[in-house]
Amino acid sequence: MTRSDPLVVLAVCGVGMGSSLILKMTAEGALSDLGVAAKVENTDITTARGTAADVIVAQGMHTGELEGLAPVVLTVDDFLDRDGLARSLRERLAGQGWL
């Protein structure tokens, strides 16, 4: 079963500025490649803890703190690897029944 409403996706880094903005742009591209409607926002880890999301993408140093805050929490090692992120998202979104 696919979702009819757009996913809420958070791109998270420690401060919520540089790295998360790059990750946001990569996530938008990866989700577009998958044909998934999504609203992607970049934010800092503190704000992410209080924000409802379907998917959180973040550096490995932060994902442990974010586990359980969204149905899908993905560690991203290469913020510019759009294809790699698309592969990871495809697998995890399919696991949720969203693809």
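1. The secondary structure of the protein chain consists of four helices and four strands; helices (H or I, at least four residues) and strands (E, at least two) are DSSP runs, numbered from the N terminus. Along the sequence, these elements follow the pattern β-α-β-α-β-α-β-α. The model is predicted: local features need pLDDT of at least 70 and side-chain atom pairs count only at pLDDT 80 or more, while totals for chains, interfaces and linings use all residues. Residues are numbered from 1 along each chain as its sequence is written, and side-chain values use heavy atoms, with hydrogens and water left out.

2. On overall dimensions, the C-alpha atoms of the protein chain fill a box of roughly 35 × 25 × 20 Å along the principal axes. Buried residues (under 20% relative accessible area; exposed means over 50%, partly exposed in between, with a 1.4 Å probe and protein chains only) make up 42% of the 99 residues. Of the contacts (heavy atoms within 4.5 Å) with a separation of 6 or more, 60% are between residues 24 or more positions apart.

3. The interior deserves attention. A nonpolar core is a set of buried Ala, Val, Leu, Ile, Met, Phe, Trp, Tyr and Cys residues joined through side-chain atoms within 4.5 Å. The largest such core has 21 residues, and V55, V57, L85, L89 and L93 have the most contacts inside it. At least two residues of this core come from each of β1 (7-13), α1 (18-34), β3 (55-58), β4 (72-75) and α4 (82-95). The element that gives the most is α1, with five residues.

4. Residue L89 illustrates these contacts: leaving aside residues up to four places away in sequence, L89 touches A30, L31, L34, V55, L74 and A94. A second, separate core has 10 residues, among them A48, A58, L66 and V73.

5. Not counting residues up to four places away in sequence, T63 touches A58, V73, L74 and T75. A polar atom of the T63 side chain also lies 3.3 Å from the backbone oxygen of G60.

6. By contrast, D77, in the loop between β4 and α4, counts as exposed, because its relative accessibility is 74%. The C-alpha atoms of D77 and P6 are separated by 25 Å, and these residues are 71 residues apart along the chain.

How values were computed. A polar contact is a pair of N or O atoms within 3.5 Å; within protein, one must be able to donate a hydrogen and the other to accept it, and residues adjacent in sequence count only if both atoms are side-chain atoms.
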